[in-house]
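Let's walk through this one together, from a single residue out to the whole chain. Have the sequence and the 3D view open side by side.

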Amino acid sequence: MGLLDSFGALVSSLIASIVLLVFAVLSFFITVFIVQVGAGLAGYSTLSGDFVVLSAAILATGAIVAGATPMSSLAGVDE
């Protein structure tokens, strides 16, 4: 049963990786929309698309890294 357990762990890890990748791409698209709307509200109508994508990529990366960091030790939460 050790081989089947290892195979099950591998499959569940692959499924989790695919789900996390889909969520990362989705959060990137939402961040691009938010940056475009925010730039429009601020009056930057001539903002180039590459700056929108760059700022959205930096924001999405920061959110993903912050979500993956174990911050429970700072909050005093015991697992």
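This is a predicted model: local features need pLDDT of at least 70, side-chain atom pairs count only at pLDDT 80 or more; totals for chains, interfaces and linings use all residues.

F51 is found in helix α2, where helices are DSSP runs of H or I of at least four residues, strands are E runs of at least two, and both are numbered from the N terminus. F51 counts as exposed because its relative accessibility is 52%; exposed means over 50% relative accessible area, buried under 20%, and partly exposed in between, using a 1.4 Å probe and protein chains only.

Residues are numbered from 1 along each chain as its sequence is written, and side-chain values use heavy atoms, with hydrogens and water left out.

Now for T31, which is found in helix α1. Is T31 buried or exposed? T31 counts as buried, because its relative accessibility is 14%. Leaving aside residues up to four places away in sequence, T31 touches A56, L59 and A60, where contact means heavy atoms within 4.5 Å.

On the α1 side you'll find A24, S27, F28, T31, V32, V35 and Q36, and they meet V52, V53, S55, A56, A57, L59, A60 and I64 in α2. By class, this contact has 11 nonpolar residues, four polar ones and no charged ones. Here Ala, Val, Leu, Ile, Met, Phe, Trp, Tyr, Cys and Pro count as nonpolar, Asp, Glu, Lys and Arg as charged, and the others, Gly among them, as polar.

How do the two helices lie? Helix α1 (residues 2–42) and helix α2 (residues 49–68) pack at an angle of about 130 degrees, with their axes 8 Å apart; the axes are lines fitted to C-alpha atoms over the stretch in contact, and angles run from 0 to 180 degrees between N-to-C directions. α1 and α2 are therefore oblique to each other, given that under 35 degrees is roughly parallel, over 145 roughly antiparallel, 65 to 115 roughly perpendicular and the rest oblique.

Stepping back, the chain has three helices and zero strands. Of its 79 residues, 9% count as buried.
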